[in-house]
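Subject: Structure for your review

Dear colleague,

Please find below the structure that I am handing over to you. I would be grateful if you could look through it alongside the notes that come after it.

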Amino acid sequence: MQRHLIAHRLSQFDSTPLSNAFARAAAMNNPIDLSIGFPEDDTPGIIKKAGIKAIQNGQTRYTPSNGTLALRSALAAKLELTNGISATPETVSVTPGVTTGILLAYLALLNPGDEVLLPDPYFPPYRDIATMLGAVPVLVDTFPDFQLTVKRLEPLITEKTRVIVINSPNNPSGAVYPEAELRKIAKLAKKHNLIIIADEIYEHFAYDTPHFSIGSIYPQTLTLNGFSKAYAMTGWRLGYMTGPSAIITAINQLQQYIVFSSSSIAQEAGIAALRYDPSKLTTKYQRKRDLVREYLSDSYSLAGSQGAFYAFVPVPEGHNDISFTHAALDKNVIILPSRAFSQHTNYVRIAFATDKSKLERGLKILRTLGKDLATPPITE
Ligand code: PLP
């Protein structure tokens, strides 16, 4: 009898655009890597020390599934103060990163067949985890300005719609949604009785338009956030969410089975992080974003890039995302093809979180490539 080895849900994913780029990159000698989505910095010393102290003090056991009371209390205070979101320690749940938070949120909210409105381009787990669970990601095309608007959302709402995902500042476009439009989206969500999932992991990386938390005005919002980016803590795996108490109760129930507990050590470090001013790390990213504009705005359309550390740019005519990624790889620069993040196949994502001198070298190369429309496309 023929039995399957791997469950069918995995056959729905095509990770080849990214794995091909990474495989080629792995063979390169000292490449200029503009593909990475994490800060160049090391975790600040004071945060590391809190983690070391937790180990030395023997805080090495399971914690409650929803996180320690000390961290949840600090997070509730932060959410009130920084985001204007009403939260208590009981309505905060600590997760091992936002990525797990997405899985938990979808598991708690979506039945098979439910539709999730998702701005395209998107952070890939939002689409793939929905598909994995039998839910339906409905892509809201935000090209060419990358703004999520009521005008773009409303025609796609059906009786199966359950959730709108908002990710501002956005990965991969860098778009930041203004407060006025978020207020309109909140009204739309209320009219149709929809839940909003707001991923605010780049909240401290908004350079032009101020970041606004939709959870401060729309109570049916599940706000996801984490320590990875603002505190350079990607490896610690620490995130959190807050939202309506019934949803958080469901999330906590799921955490007992799926996570059991987030890292006790990371949680102690998280408390120290909340006392650290993230602008010490984040302000230099605005300078990097400005460099991207300085070098690339003559050769590329830079519609997003108001936040996060990404630029999502259309490739020169005669190329598609894969051929242009290869043209950049030939010049020792790693960037990522848009099809990993979008239905559009003529853009690339440039991550500018790397150190300034490498970034400048990479941008010079990309500027030349962008100007040189005659570069012959390399076939896939
Ligand atoms: N959400 C967005 C929009 C991201 O871009 C990323 C990482 O690139 C994450 C979540 C992952 O966060 P975490 O490290 O907390 O899992």
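The notes below describe the aromatic contacts and then the surface.

Please bear in mind that this is a predicted model.

Aromatic contacts

The count of aromatic pairs comes to 20. One of them joins F143 and F146 in an edge-to-face arrangement, with 5.2 Å centre to centre and 70° between the planes. F143 is buried because its relative accessible area is 11%, under the 20% limit for that class. F146 has a relative accessibility of 1% and therefore counts as buried.

F143 also pairs with F312; here the rings are tilted, with the centres 6.2 Å apart and 55° between the planes. F143 belongs to the loop between β4 (136–141) and α6 (150–153), whereas F312 is in strand β9 (residues 310–314), so this pair ties together parts that are 169 residues apart in sequence. F312 is likewise buried, at 2% relative accessibility.

A separate contact involves a charge and a ring. The charged end of K288 sits over the ring of Y285, at 5.5 Å from the ring centre.

Surface

L5, I6 and L10 make a nonpolar surface patch of about 360 Å². Of these residues, L10 is located in the segment before α1 (16–26).

Yours sincerely

Conventions. Residues numbered from 1 in each chain as written. Predicted model: local features only at pLDDT ≥ 70, side-chain atom pairs only at ≥ 80, totals over all residues. Heavy atoms only, no water. Patch = residues over 30% accessible without salt bridge, like charges linked within 9 Å, V, L, I, M, F, W, Y side chains within 5 Å. Areas by Shrake-Rupley, 256 points an atom, 1.4 Å probe, with all protein chains shown as cover. Salt bridge = Lys/Arg side-chain N within 4 Å of Asp/Glu carboxyl O. Helix = DSSP H or I, 4+ residues; strand = E, 2+ residues; numbered from the N terminus. Phe/Tyr/Trp six-rings, centres within 6.5 Å; stacked < 30°, edge-to-face > 60°. Buried < 20%, exposed > 50% of the residue type's maximum accessible area, 1.4 Å probe, protein only. Lys NZ or Arg CZ within 6 Å of the ring centre and 35° of its normal.
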